[in-house]
Structure formats: structure tokens, C-alpha cells
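Please read the following account alongside the coordinates.

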There are 2 protein chains.
Amino acid sequence: MKTLHDAFEHTLHDVYYAENAIAKALPKVIGEVENPGLRTALQDHLKETKGQIKVLDAVFKSIKKSPKGEKCDAIEGLIKECEGVMKDAKGPVAKHAMIVGCCQAIEHYEIARYGTLREWAKALDYTQAHEMLSGILDQEKAANHKLTHLAVTTVNSGAKA
Amino acid sequence: MKTLHDAFEHTLHDVYYAENAIAKALPKVIGEVENPGLRTALQDHLKETKGQIKVLDAVFKSIKKSPKGEKCDAIEGLIKECEGVMKDAKGPVAKHAMIVGCCQAIEHYEIARYGTLREWAKALDYTQAHEMLSGILDQEKAANHKLTHLAVTTVNSGAKA
């Protein structure tokens with residue numbers, strides 16, 4: 001890894017691995033959720049994640065590379081934390097609050113990575129990649145806002161007792 | 001972990017561990033950075049991190065608990081990713097770009113955690129904790145904006161070649 005292009009390609013492999021890991025982990029998380037609003041939000045995000053993997057396929061194609069994931073220690077840690085929380089939380093109150101928190105940590109990881117990637121794409125004049133990555137970034141920010149809204153309007157207030 | 005208070009205390013242990021891990025890891029990262037603006041930003045953030053650990057001590061005190069860290073898989077993964085990047089990047093161009101990216105991923109993790117914690121503090125009527133955690137959240141957001149500014153104004157444009 002020497003050039004900005006190398007960094008771009010490396011990090012693209014990293015988020016490709018991350019999105020696939022999230023698509024694999026989310027059904028288990030959804031299975032633990034009883035709160036209907038949170039359940040729907042996570043189901044929607046699972047569909048969105050599968051769509052984002054297809055957009056990433058197109059980003060790879062736009063720079064004439066084959067889609068490939070590379071083990072990403074960060075997402076492994078974030079998912080491990082989420083799994084630990086689901087095991088440790090006894091009862092819906094703490095479990096729902098902790099699940100929203102962990103999912104927002106994962107959303108923020110994606111926001112950071114797509115923010116970086118789309119700026120690198122811009123600096124490298126990869127116009128198509130810049131547009132596609134900006135589109136995914138907007139979806140991740142919207143998903144995070146939806147979780148914040150759910151947290152402050154239902155999950156946290158219901159969990160106060 | 002049953003109540004929202006339990007979730008709050010657990011996550012407070014998690015960020016206490018994370019801030020201490022960051023304070024330990026940052027000097028090694030700073031040692032790899034030649035870009036003067038980035039070096040100064042990371043040195044400033046190291047000082048800020050040490051200050052935040054003291055604020056967290058006060059947050060623990062405000063809920064009548066002793067400060068304690070608990071192994072946080074997420075920050076372990078994020079730091080491992082950063083260390084891997086520093087090993088794999090050959091030369092300043094990719095290295096500086098990747099270091100900014102990894103540091104922003106860490107900032108975003110903190111933004112997610114303090115965003116969650118301060119909303120839980122509000123829901124639990126922990127007024128003092130809410131104020132202190134909101135103060136740290138503002139610092140993390142400012143640190144992240146500073147890194148974005150450095151990336152788009154110097155690091156990425158210098159790395160294009």
C-alpha cells in the first residue's frame with residue numbers, strides 16, 4: 001500500500017467484508033428484538049445492507065476490479081461486542097437499549113468509512129465511485145438517525161423503570 | 001444487566017476502557033506521522049483524551065461508583081485495524097491517509113457511545129452525568145471535524161500523486 005489508490009482499494013475490501021459480516025449478523029440480532037419499531041427498522045436495514053453490497057460491486061467495477069472482502073478487525077470487534085451484549089442482557093429493557101447502542105456503533109463505523117472513501121474517490125477523480133459511495137453514506141446516516149429517534153422516543157423511555 | 005441503569009454502567013465501563021486504550025495507543029500512531037498538521041492534531045487529541053478520562057472519573061463519582069474499565073471488543077478491533085494499517089502502508093502517502101481514516105473510525109465509535117450514554121443519562125435523570133457526557137461528545141465531534149478538514153485540505157490532495 002503506497003498510493004491513495006492503494007488505500008482506497010484496501011478500504012473498499014474492508015467495507016465489503018464489513019457489509020457482508022453485518023448481513024450475516026443482523027438476522028440473529030433481529031431474532032432477539034421484541035420491540036416492533038426496532039424490529040422493523042433492523043429488518044429494513046438488513047434489506048438496505050444487501051442493496052449496498054450490490055452498489056459496492058458496482059464501485060469495484062467502476063475502478064475495474066473484482067469485488068473482494070478482506071478481514072476487517074474493526075467490524076469483527078464491533079459485532080463481537082453486540083453478541084456479548086445480547087448474551088449478558090437479561091430481559092428486554094437492557095437488551096433493547098444495548099442493541100440500539102451497538103447497532104449505532106456499527107452505523108457510525110460505516111459512516112466513518114464511507115465518509116473517508118467518498119473523499120478519497122473525489123481526490124482520485126473517481127466520479128462514479130464518489131457518487132455511489134455518497135449514496136451509501138446518506139443511507140447509513142439516515143439509518144443512524146432512525147435509531148436515535150427510536151431510542152429517544154420509545155426504547156429509552158420504556159426502559160427507565 | 002437488566003435495567004437502563006445497568007446498561008448505562010456497563011457502557012461507562014466500556015468507554016473508560018476504550019479511552020485508556022486510546023491514550024496508550026496514540027503515542028505509537030503519532031510516532032509514525034510526519035505531516036505536521038496531523039501530528040499536532042493527534043498530540044492535541046492525546047491531551048484531550050487524558051482530560052476525558054478525568055471527566056469520566058467524575059461521571060462515575062456522580063452515580064456513586066468507582067471508575068473501572070471493562071474489556072471492550074470494539075475498541076480492541078478498531079485499534080488492531082489501525083496497527084495493521086501502519087504495518088502495511090509503505091511510505092507516507094498511503095500511511096497518512098490510512099491513519100486519518102482509522103482515527104476517524106475511532107472518533108466515530110466514541111461519538112456513537114457518548115451519544116448513547118448521554119441520552120441514557122437524560123432518561124435516567126442523571127443531570128450531572130448528562131452534562132459531562134455531552135461535553136465529551138462535543139469534543140469528540142470537534143476532533144472528528146478537525147480530521148476531516150485536515151484530510152480534505154492537505155492529506156488527500158497531497159496523496160493524489
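The paragraphs below go from the relation between the chains to the packing of helices and then to the pockets and the cavity.

The model is predicted. Chain A can be laid on chain B by a turn of 180° with a shift of 0.0 Å along the axis, and the RMSD of that superposition is 0.0 Å. This is the relation of a two-fold axis.

Next comes helix packing, shown here in chain B. Two packed helices are described by the angle between their axes and the distance between the axes. For helix H1 of chain B (residues 4-32) and helix H4 of chain B (residues 92-123), the axes come within 10 Å and cross at roughly 160°. An angle over 145 degrees counts as roughly antiparallel, and H1(B) and H4(B) are therefore roughly antiparallel to each other. The crossing in which H1(B) passes H4(B) is left-handed. The contact of H1(B) with H4(B) has 16 nonpolar residues, along with 2 polar and 6 charged ones.

H4(B) can also be compared with H2(B). The axes of H2(B) and H4(B) come within 13 Å and cross at roughly 20°. Angles under 35 degrees count as roughly parallel, so H2(B) and H4(B) are roughly parallel to each other. H2(B) also passes H4(B) in a left-handed crossing.

Where is empty space left around and between these helices? Rolling a probe the size of a water molecule over the atoms shows where empty space is left. A search of the whole structure finds 1 cavity of 30 Å³ or more. The largest cavity has a volume of about 160 Å³. It is lined by 16 residues, and those closest to its centre are Ile22(B), Leu26(B), Val29(B), Cys103(B) and Ile106(B). Helices H1, H2 (36-62), H3 and H4 of chain B each give two or more residues to this lining. H1(B) gives the most, with 5 residues. By class, the lining of the cavity divides into 11 nonpolar, 1 polar and 4 charged residues.

The pockets come next. The largest pocket holds about 780 Å³ of space. Of the 40 residues that line this pocket, His108(A), Ile111(A), His108(B), Ile111(B) and Asn144(B) lie nearest its centre. Both chains contribute: H4 (92-123) and H5 (127-159) of chain A, and H4 and H5 (127-158) of chain B, each supply at least two residues of the lining. The lining of the largest pocket has 18 polar, 16 nonpolar and 6 charged residues.

The second largest pocket contains about 640 Å³ of space. Its lining has 35 residues, and Ala25(A), Ile75(A), Ile79(A), Lys80(A) and Ile106(A) lie nearest the centre. Two or more lining residues come from each of H1 (4-32), H2 (36-62), H3 (73-88), H4 and H5 of chain A, and from H3 (73-88) of chain B. H3(A) gives the most to this lining, with 9 residues. The residues that line the second largest pocket divide into 17 charged, 15 nonpolar and 3 polar.

Notes. Residues numbered from 1 in each chain as written. Chains lettered and ligands numbered in written order. Predicted model: local features only at pLDDT ≥ 70, side-chain atom pairs only at ≥ 80, totals over all residues. Heavy atoms only, no water. Axes fitted to C-alpha atoms, helices over the stretch in contact; angles between N-to-C directions. Helix = DSSP H or I, 4+ residues; strand = E, 2+ residues; numbered from the N terminus. Parallel < 35°, antiparallel > 145°, perpendicular 65-115°, else oblique. Left-handed = near helix turned anticlockwise from the far one by under 90°. Nonpolar A, V, L, I, M, F, W, Y, C, P; charged D, E, K, R; others polar. 1 Å grid on protein atoms, 1.4 Å probe; cavity = no way out; pocket = protein on both sides within 12 Å on 5 of 7 lines; lining within 4 Å. Points joined across faces, edges and corners; volume = space filled by probe spheres on them. Least-squares fit on C-alpha atoms with pLDDT ≥ 70 in both.
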